[in-house]
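Please look through the structure shown below before reading on.

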Amino acid sequence: MNARRICEGRVVIVTGAGRGLGRAHALAYAAEGARVVVNDLGVGLDGTPGPDSPASRVADEIRAAGGEAVVHGGDIATTEGAVSLVRTALETYGRLDTLVNNAGFLRDRMLVNLDEDDWDAVVRVHLKGHFLPLRHAAAHWRAESKAGRTPVARVVNTSSGAGLLGAVGQGNYSAAKAGIVGLTLVAAAELGRYGVQVNAIAPAARTRMTEGTFAETMAAPDSGFDTMAPENVSPLVVWLGSAASAGVTGRVFEAEGGRITVMEGWRPGPTADKGARWTPAEVGDAALKLLAEAETPGPVYGAG
């Protein structure tokens, strides 16, 4: 046994683990000694049912390499599915140490063409699909802590550059991914007392979702380092989900190729205080002066 495997003995749930980033994460955790619950609903890119079970194939890959894995095919954006997800880990392996929230799909439209169903579907799977597994895993960890068995628990959520900066044609996806950042910050603050650390990543990698939207950028090279391979993101996710990341919580990391970046979010910039109520004309003048002093925001994805 390799004593240096940083997740030896840990039990890890990875949602949306049948393909792309989730598959890469599941395999990377298993390679570092974790027992993995491989969740995937087996749906298509737009969230409709697919013809096969990619989760079973990933679990087979893990076992073929000498690891341990169990498949969960439930809908984690439902209470029943999220409860059964956590139960699968506990009943199969007797514990739960790490939750990686990764499931998602796209229904891209410009805002004037984005209908309510496409909004609801994307927000449901990304944002609700993060909240429900997190809520039920956290309830288990809180109970463990109150019973005197404080866990070394980790949650890794999946946001996106679209959630941090916005993306043209992805109003539903960007809003959901921004919501995941807010959820991460709240969960980190609330759950720390129970031994739970919560962080988020904003990955850039080649997946079914990105291949169509950013085809040229995501194409694999003929030779050399494949910057957009999803496997490049997984080492950070594995470290965040391990005991080695002690003390790191409430953070958002961008990961692309061989580069990782700690993202620094909203913070107070230039300020003006009149000490009394502004008139609209006064506040407009003040706002323009402050904007001239402020940093220019980053570009919106897909905005040319």
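What follows is a report on helix packing and on some residues.

This is a predicted model, in which local features need pLDDT of at least 70 and side-chain atom pairs count only at pLDDT 80 or more, while totals for chains, interfaces and linings use all residues. Residues are numbered from 1 along each chain as its sequence is written, and side-chain values use heavy atoms, with hydrogens and water left out.

**The protein as a whole**

The protein has 10 helices and eight strands, where helices (H or I, at least four residues) and strands (E, at least two) are DSSP runs numbered from the N terminus. Of its 304 residues, 45% count as buried; here buried means under 20% relative accessible area, exposed means over 50%, and partly exposed lies in between, with a 1.4 Å probe and protein chains only. Among contacts (heavy atoms within 4.5 Å) between residues at least 6 apart in sequence, 71% join residues at least 24 apart.

Helix α2 spans residues 54–64, and its buried residues are Pro54, Ala55, Val58, Ala59 and Ile62. Because these residues cover an arc of only 140 degrees around the axis, they lie on the same side of α2, the arc being that of the directions from the helix axis to the C-beta atoms. The buried residues of α2 pack against α1 (20–31), β2 (35–39) and β3 (68–72). After α2 comes Gly66, whose phi is positive, near 95 degrees.

Two packed helices are described by the angle between their axes and the distance between the axes. The axes are lines fitted to C-alpha atoms, for helices over the stretch in contact, and the angles run from 0 to 180 degrees between N-to-C directions.

| Pair | Angle between axes | Distance between axes |
|---|---|---|
| α1 and α2 | about 25 degrees | 10 Å |
| α4 and α6 | roughly 15 degrees | within 8 Å |
| α3 and α4 | roughly 45 degrees | within 8 Å |

Angles under 35 degrees count as roughly parallel, over 145 as roughly antiparallel, 65 to 115 as roughly perpendicular and the rest as oblique. Helices α1 and α2 are therefore roughly parallel to each other, and α4 and α6 are therefore roughly parallel to each other as well, whereas α3 is oblique to α4. A crossing is left-handed if the near helix is turned anticlockwise from the far one by less than a right angle, and right-handed if clockwise. The crossing of α1 and α2 is right-handed, α4 passes α6 in a right-handed crossing, and α3 also passes α4 in a right-handed crossing.

Which residues make the contact between α3 and α4? On the side of α3 (residues 79–93) they are Thr79, Ala82, Val83, Leu85, Val86 and Leu90, and on the side of α4 they are Leu132, Pro133, His136, Ala137 and His140. The residues of this contact of α3 with α4 divide into eight nonpolar, three polar and no charged. In this grouping, Ala, Val, Leu, Ile, Met, Phe, Trp, Tyr, Cys and Pro count as nonpolar, Asp, Glu, Lys and Arg as charged, and the others, Gly among them, as polar.

**Residues in and around α4 and α6**

Helix α4 covers residues 116–146 and helix α6 covers residues 171–191. Leu191 is found in helix α6 and, at 10% relative accessibility, counts as buried. Leaving aside residues up to four places away in sequence, Leu191 touches Leu134, Ala138, Val196 and Val198. The C-alpha atoms of Leu191 and Trp141 are separated by 8.9 Å, although these two residues are 50 residues apart along the chain.

The C-alpha atoms of Ala143 and Tyr194, 51 residues apart along the chain, are separated by 8.6 Å.

**A residue in a loop**

Glu231 has its place in the loop between α8 (215–218) and α9 (234–240), and at 42% relative accessibility Glu231 counts as partly exposed. Not counting residues up to four places away in sequence, Glu231 touches Arg23 and Ala24.
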